[in-house]
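Here is a short tour of one protein chain, written to be read with the model open beside you. Follow along residue by residue if you like.

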Amino acid sequence: MTMSSDDPRLVVIHPSQLAGTVLPVGLGRRSLGRGHAADLRLDDPHLSSIHAALSQAGGQTSVEDLGSRNGTLVNGEPVRRPRVLHDGDVVQFGMVRARYEVPGSTGLMPPARPAQERPVRFDVDRQTGGQINNVGRDQYNHYVQERDSFLRHVAAARTRSLRLIWLSLALMFSGGLVYLWGKHLEDQAQRSAVDSFTKGWESIRNSGPGKLPPGKPPDLSPAFVEGSNASSVEMIGCIIGAVGLMLFLLALIMHIVAAARGKKVDSDPRHSWNARVQRGRVGGWD
């Protein structure tokens with residue numbers, strides 16, 4: 001993309017290794033992230049593959065978070081819906097901070113549409129497989145909106161899968177603790193049974209008048225109850241761990257699928273925006 005010196009831009013101010021990087025903000029909508037599918041790419045580990053989107057229309061530039069893991073902020077405030085940027089605003093993508101600059105800005109609103117921009121056409125004319133007329137400039141925007149909506153779904157799916165992974169790890173850890181507690185109770189029950197058995201037979205050997213009659217076995221029922229309770233605790237721990245393991249595998253598959261879909265956003269021919277047509281062509285102008 002050819003960038004004019006008067007075009008608005010984002011200039012990275014943090015971190016130091018990326019400071020000074022200029023991100024051009026052109027007409028239309030452009031995605032930003034660390035993935036190869038992003039239109040504006042920054043190599044920072046705190047960015048999501050498709051982190052946010054920058055849109056310029058009607059003389060205004062807005063930023064929108066696309067379900068990123070570390071969020072997007074403008075002047076320290078989280079972006080929860082598309083937000084219009086003004087000259088000097090500081091936009092933070094994860095840990096990356098950039099200043100929005102409008103060269104030659106006078107504080108007045110720029111014109112809604114550049115003078116050199118061709119007038120909007122509303123006549124459909126003839127549609128062919130090799131040419132799609134951009135009626136009212138809505139058809140190309142439709143493709144862009146479809147692509148951005150798809151990327152938002154992908155980013156949201158990756159966020160859900162990561163949360164599910166953390167939940168599954170917590171369940172597996174909790175299940176392991178419960179199982180170990182059950183093993184501890186089982187060891188106590190076994191020691192109790194041995195002690196009861198030993199004391200009972202000692203009582204039998206030392207029996208006399210008024211004491212335990214010879215031949216009566218020791219009472220081991222309390223030890224059996226404790227052992228049964230310990231086994232139940234172990235079983236509960238195994239069930240919790242198994243549920244955590246199944247959730248982990250499911251979340252891992254979800255994350256891999258979402259990541260693969262995000263990488264193929266601009267190459268998968270099943271997506272409408274990758275169709276082999278000349279989009280945005282009006283008359284003889286591309």
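A residue counts as buried when its relative accessible area is under 20%, as exposed when that area is over 50%, and as partly exposed in between. With a relative accessible area of 44%, N75 therefore falls into the partly exposed group. Please keep in mind that this is a predicted model, and that every value below is computed from it.

**Overall layout**

The protein chain contains two helices and 11 strands. Read along the sequence, the elements follow the pattern β-β-β-β-β-β-β-β-β-β-β-α-α. Of the 286 residues in the chain, 34% are buried. Among contacts in the chain with a separation of 6 or more, 51% join residues 24 or more positions apart.

**How confident is the prediction?**

The mean pLDDT of the protein chain is 76, and 66% of its residues reach 70 or more. Which elements have the lowest and the highest mean pLDDT? Helix 1 has the lowest, at 77, while strand 10 has the highest, at 96. Two stretches call for a careful eye. Over residues 107-125 the pLDDT is below 50, and this stretch has 25 contacts in the model beyond near neighbours in sequence. Residues 277-286 also have a pLDDT below 50, with 25 contacts beyond near neighbours in sequence.

Leaving out residues up to four places away in sequence, V63 touches A52, A53, L54, T72, V74, V79, R81, P82, R83, L85, V91 and F93.

| Pair | Separation along the chain | C-alpha to C-alpha distance |
|---|---|---|
| S31 and A53 | 22 residues | 4.3 Å |
| A193 and E226 | 33 residues | 9.3 Å |
| A155 and D65 | 90 residues | 10.0 Å |

S31 is found in strand 3 (residues 28-33). Is S31 buried or exposed? At 1% relative accessibility, S31 counts as buried because that value is under the 20% limit.

Leaving aside neighbours within four places in sequence, A155 is in contact with I50, L66 and G67. A193 also has its place in helix 1, but at 22% relative accessibility A193 counts as partly exposed.

**The second largest pocket**

The second largest pocket has a volume of about 400 Å³. It is lined by 22 residues, of which R34, S48, S49, I50 and R158 are the closest to its centre. Helix 1 (138-205) and helix 2 (221-263) each supply at least two residues of the lining. The largest share of the lining, six residues, comes from helix 1. What is the make-up of the lining in nonpolar, polar and charged residues? It divides into eight nonpolar, nine polar and five charged residues.

I50 links this pocket to the previous section: I50 is among the residues closest to the pocket centre, and I50 is also in contact with A155.

**Two backbone details**

The peptide bond from H14 to P15 is cis, with omega near 5°. P15 has its place in the loop between strand 1 and strand 2 (22-24).

The other detail brings us back to N75. Although N75 is not a glycine, it has a positive phi of about 55°. N75 lies in the loop between strand 7 (72-74) and strand 8 (77-78).

Note on methods. Residues are numbered from 1 along each chain as its sequence is written. This is a predicted model: local features need pLDDT of at least 70, side-chain atom pairs count only at pLDDT 80 or more; totals for chains, interfaces and linings use all residues. Side-chain values use heavy atoms; hydrogens and water are left out. On a 1 Å grid over the protein atoms alone, a cavity is a set of points where a 1.4 Å probe fits but cannot get out, and a pocket is an open set with protein on both sides within 12 Å along at least five of seven lines; lining residues have an atom within 4 Å of a point. Grid points are joined across faces, edges and corners, and a volume is the space filled by probe spheres set on the points. Helices (H or I, at least four residues) and strands (E, at least two) are DSSP runs, numbered from the N terminus. Ala, Val, Leu, Ile, Met, Phe, Trp, Tyr, Cys and Pro count as nonpolar, Asp, Glu, Lys and Arg as charged, and the others, Gly among them, as polar. Contact means heavy atoms within 4.5 Å. Buried means under 20% relative accessible area, exposed over 50%, partly exposed in between (1.4 Å probe, protein chains only). pLDDT is the predictor's confidence in each residue, from 0 to 100.
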